[in-house]
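I opened my notebook for this one and wrote down what I looked up, entry by entry. Have the model open beside you and follow along.

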Amino acid sequence: MLKIKSTLALLALLAGVAQAAPDAKDILQQADMARGGGLPGLMWNVELNARDEEGEQKRGMTVKADASNSLVEFLAPEKVKGQQMVMLGRNMWFVRPGLSKPVPMSPRQRLIGMASNGDVASTNYSGDYNAKLLKEEAINDEDCYLLELNAANKGVTYDRILYWVSKKRGVGVKAEFYTLSGKLFKFAEFEYGNDIRFEGKKIPFVSKMTIHDAIDKSKVTTLAYSTIKVIKVDPAMFNLNIRAD
Amino acid sequence: MLRPDVSPIGSLGRGGNPCPPEPASIGLQAGLQANTHAPCSLAKCRSDFSPTTAPARYHCVGLKSGLRLVGLCLSSVLLAAPAHADDETPWTFNSRAQGLLSATHIERQDNSQLNPGNAIAHIPSERYDLELRPDLEWKRPGLSLALKPRFGLTHAPGSSDDDLWLNEGWLRWKPAQQWYLQAGREIWLWGPSMFWSPSNPFYLGTGKNLPQRELPGRDIARLSWMPTDNAALTLAGQFGNGHQREYEPPSRKLALLKLDLNNNEASGSLIASRREGELWRFGAYGQWTVSDALLLYGDGSYGQNANLTHVLPAANPLGWTVENNSQRSATVLIGGAYTFENGINLNLEALHYGDGRDDAQAANVGEMAQQLQAALASPLAPYAAASLGASITPQRLQQRQNYLAVQLMDPTRERYSWTVRYSYNLDDHSSELVPLGTYDLNDRLQLWGNLSLRHGRNNAEYSQLIRYSAMLGLTWFAW
């Protein structure tokens, strides 16, 4: 009886320890998967809608991605049809069909509206940032871990991110993006109406990302993700000289 | 067929065939050189070009070579298709089409010694172009076929021209895991630089001064092997120049070996190539993402360009001779790009071009041009004209050796974009300022304009033929 009691006590203690200090990187890796990160091959469509002082802007895109590389092809409107963005690790290029050679891009270059290039591609926060669990906090009545992500190297888009990850669902529900000077410049909310099957498991997948400008509340960019497919990605797809797909 | 690389001075100077060059070839040669610096020139727009006969010949050439390529691609599809017979994935078809309309005005250099009275380069003062560009692509896993036929109408004072050609058309096939085959006509550009790409043996320029103009595709077959995600080796051969709508110096067949390497923050290539009749040429380029805002890059080559000629004083009636280049030389470009917080992008590049003329060679060209002015009114006029034309042929990346270039670009706006490019010749202190802009009237119509403003002495590189040019155009994104 004493043995059972002490075993139960030990288990409770271990569970308590585990509950008290979940690993921030594990939380982040799981949240990344719901945004395409760390998965071997995926394809999805993105409808981007940006509203700012220039009016409303729209883009239709197809994204093919593996664990750390992405190929974004623009489908609409007609003026950008056929343009591509290739992200090979942190190397990025913009390709216009036929007209000129691929243009190398820095991660800081924005795609459109408040969306960065990384927002449409697969998310690999666990590779790009050092994560620290700050506390637990509820977002829209949902219990979340609040992670502080600091850039692991100089090549990433954001210097610091505060990221709320749902305790129950393991997905990122809100993010705040900060500049090097510590200024909040945009924040985003995420919805997960899609799901995919990976290694027999059902994984929720992002369906909508809404990005708000931190200062000008009228500036809003939404990205709607649809038609998620697990595909076989040929690594040559990201080689600018081969471009196999 | 006209032979624009005829070098009458050379033959005369060396005591060879004393026949004068075909006058048309002189004009063509020189006229098209001007076009490499002018946004709008076209070989067939020369004022002495006959629109009634010659275009038909060009059509034949363009169509025949294009149809040959289409035939080659289609037969390759038939050969490759059985390998994918068990693959039930259907073919997908994608297409897009654009129409471009443009008008160009060129203000020639009045007192050019290399193009006196526009008698050598025949640069039109005005030009109007219409071009239709459908892109067709069929795909299935491991196999794709693309065809990009083009139709163009050009009008300049005294001449008109229409043309139908295949600018790109290729077949991509993955015959086995890690192996990739591509054959056909393609625009194969590489490297991170904005102004020059010396490691690329297929093209002299990057096409960035005139982003609306398509470069001509080259006829290339290549086989790539990608053993890992971070490396690929490509063996390629160029078997044709593609359809040359604008004059380019003829180039011989070329074999090339290219090794692509990349890691998470950097990428680059090593290239070895050999053109028929030339020595091996070695090239390399690379880029490094230093931070989220800063890129550093380089591009260079070492080799021989046998098409280059040097002007030398000689004991012949003209007083000058031309010698082919036998030297190997190095060309190095270093550059960087910085993206500001507001999204505006700045590129800085410095170039040392080993094949460019040094001070003595440039002085020879200047002296020759001065002395030949009198010969242009003598029986030696065809030789004098050919000599002047030869000195401005587009065989070189640039004419001199040392350059600085800056580009500022705002890609952040939805309805409009602007880019300013500035190139400065450190040797003769001439320069070119190129502002480019686009404005979207709606999702299907884009208005655009380019200026080229030249500054320098009348015998300096950027200002020797043209003072400025302006181009205004409209692009219709049909589907």
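**Entry: a hairpin in chain B.** I began at the hairpin of β14(B) and β15(B), where five residues sit between the strands and B:Gly343 takes a positive phi near 95°. This is a predicted model, so I read every value here as a computed one. Strand β14(B) covers residues 328–339 and pairs with β15(B) in the antiparallel sense over nine bridges. I picked out one bridge: B:Ile334 has B:Ala350 in β15(B) as its partner.

Then I checked the faces of β15(B), residues 345–353. The covered face holds B:Asn345, B:Asn347, B:Glu349, B:Leu351 and B:Tyr353. On the uncovered face I noted B:Leu346, B:Leu348, B:Ala350 and B:His352.

**Entry: a helix in chain B.** Next I tested the length of α4(B), residues 359–375. Its 17 residues should span 24 Å at 1.5 Å a residue, and I read 25 Å between the end C-alpha atoms, which agrees. The buried residues of α4(B) are B:Ala362, B:Val365, B:Met368, B:Ala369, B:Leu372 and B:Ala375. I traced what these buried residues pack against and listed β12 (309–313), β13 (320–324) and α5 (381–391) of chain B.

**Entry: chain B as a whole.** I counted five helices and 20 strands in chain B. Of its 479 residues, 46% count as buried. Among contacts in chain B with a separation of 6 or more, 60% join residues 24 or more positions apart.

**Entry: chain A as a whole.** For chain A I have four helices and 17 strands. Buried residues make up 42% of its 245 residues. Residues 24 or more positions apart account for 46% of the chain A contacts with a separation of 6 or more.

How confident is the predictor in chain A? The pLDDT averages 85, and 89% of the residues score at least 70. I found the lowest confidence in α1(A), residues 2–20, with a mean of 53, and the highest in β11(A), residues 160–166, at 95.

**Entry: the cores.** Which residues have the most contacts inside the largest nonpolar core? That core has 61 residues, and the answer is A:Ala115, A:Val120, A:Leu147 and A:Val165. Another core lies apart from it, with 24 residues, among them B:Ala369, B:Ala375, B:Tyr383 and B:Ala390. I kept the general rule in mind: nonpolar side chains tend to be buried together in soluble globular proteins.

I followed A:Val165 further. Leaving out residues up to four places away in sequence, A:Val165 touches A:Ile27, A:Ala31, A:Cys144, A:Tyr145, A:Leu147, A:Gly170, A:Val171 and A:Gly172.

**Entry: A:Phe190.** I located A:Phe190 in β13(A), residues 184–191. Is it buried or exposed? A:Phe190 is buried, because 22 other C-beta atoms lie within 10 Å. Not counting residues up to four places away in sequence, A:Phe190 touches A:Val171, A:Gly172, A:Val173, A:Val206 and A:Met209.

Entry: Most residues other than glycine have a negative phi, and most peptide bonds are trans, so I went looking for exceptions. A cis peptide bond joins A:Ala76 and A:Pro77, with omega about -5°. I placed A:Pro77 in the loop between β3 (69–76) and β4 (84–88) of chain A.

A:Asp141 is not a glycine, yet has a positive phi of about 65°. I found A:Asp141 in the loop between β9 and β10 of chain A, and A:Asp141 is exposed, with 5 other C-beta atoms within 10 Å.

A:Glu199 also made my list, with a positive phi near 50°. Its hairpin, of β14(A) and β15(A), has two residues between the strands. These strands pair in the antiparallel sense over five bridges, and A:Phe198 has A:Lys201 as its bridge partner. A:Glu199 is exposed, with 7 other C-beta atoms within 10 Å.

**Entry: where the chains meet.** Last, I looked at the contact, which takes 34 residues from chain A and 52 residues from chain B. The chain A side divides into 13 nonpolar, twelve polar and nine charged residues.

Definitions and conventions
Residues numbered from 1 in each chain as written. Chains lettered and ligands numbered in written order. Predicted model: local features only at pLDDT ≥ 70, side-chain atom pairs only at ≥ 80, totals over all residues. Buried ≥ 20, exposed ≤ 12 C-beta atoms within 10 Å, placed from the backbone. Pairing = 2+ DSSP bridges. Contact = placed C-beta atoms within 7 Å. Nonpolar A, V, L, I, M, F, W, Y, C, P; charged D, E, K, R; others polar. Core = buried A, V, L, I, M, F, W, Y, C linked by C-beta atoms within 7 Å. pLDDT = per-residue confidence, 0-100. Expected span 1.5 Å × (residues − 1).
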